[in-house]
Amino acid sequence: MIVSEVMTTRLVTVMADDTLSHAANLLRQYQFHHLPVIRSGQGYYGMIDTTRGQRPVFEGLLTSEDIDVAAAVGTSSSEILHRPWQERRVVEVMHLANIRVTPTTSVAAAAQILVERGLNCLPVVEYETPVHGEEIAATNALVQAEAVSPEAQALLVGLLTRSDLLMALARSLGAFEPGMQLSIPLPMGDLAPLATALQLAAELHIQVRSVMAAPLEGPVPLVATVRLGTIHPAPLLVRLQEANVQYSFTEDV
């Protein structure tokens, strides 16, 4: 699974010369915590959909925390005493969001970056001109702005948030489809019980919505989770017992 399959592509954006008041209103209106900042004068404004070819030049990110800090320290500078924080420009408080990913970055790598860097979102960009060491950047799943040639322009194609990753996980586990979840122990990482269960489900024409066998700790998976597209699992459970396959199951509430 890659970032382009789970990222958000309908984005509410601000321009670098917009006021903080305008940005704060957008954050309140849409209940967001991040606003991508795009270059002014490109004909884009407000809501964009990158799947329709709307790919403005990416300038940085503005977060609700950035605005809170600007409001809190607004009175600490004599220069700002005569200029309310609401009148300051986005470009004055935004951050460049140097840590970025591309649409072909794997979701696993992007999740690792979010956790290890303590981030809540990642800009997803493409570059108009080749990136120095493009193959290396793709391998490392991470494109840092400092590694990009000065003439390369980052085009905004999406935003990947922690919520996007959680929704992708829920979909991959079949959370939005009726059915049941079957847990199959894998002694010492042996996948034979899982293979047997899948073969029996196929013979009984029971739809398998998803399969997950990933180690939560240690080098090998010890449990496989199979999401079945049925609420009548009795025939399969009988066959599993006959085949001496251990299992437990959970029905949808």
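**Buried and partly exposed residues, and the salt bridges**

Arg88 is buried, with a relative accessible area of 12%, where buried means under 20% relative accessible area, exposed over 50% and partly exposed in between, using a 1.4 Å probe and protein chains only. This is a predicted model, in which local features need pLDDT of at least 70 and side-chain atom pairs count only at pLDDT 80 or more, while totals for chains, interfaces and linings use all residues. Residues are numbered from 1 along each chain as its sequence is written, and side-chain values use heavy atoms, with hydrogens and water left out.

Arg88 forms a salt bridge with Glu92, their closest N and O atoms lying 3.3 Å apart; the term stands for a side-chain nitrogen of Lys or Arg within 4 Å of a carboxyl oxygen of Asp or Glu. Glu92 is partly exposed, at 35% relative accessible area. The structure holds five salt bridges, and another of them joins Glu126 to Arg55, with the closest N and O atoms 2.7 Å apart. This pair links distant parts of the chain, 71 residues apart, since Glu126 is in strand β7 (residues 121-127) and Arg55 is in the loop between β4 and β5; strands here are DSSP runs (E, at least two residues), and helices are DSSP runs too (H or I, at least four), numbered from the N terminus. Glu126 is partly exposed at 32% relative accessibility, and Arg55 is partly exposed at 35%.

Thr13, in the loop between β1 (10-12) and β2 (14-15), counts as buried at 2% relative accessibility.
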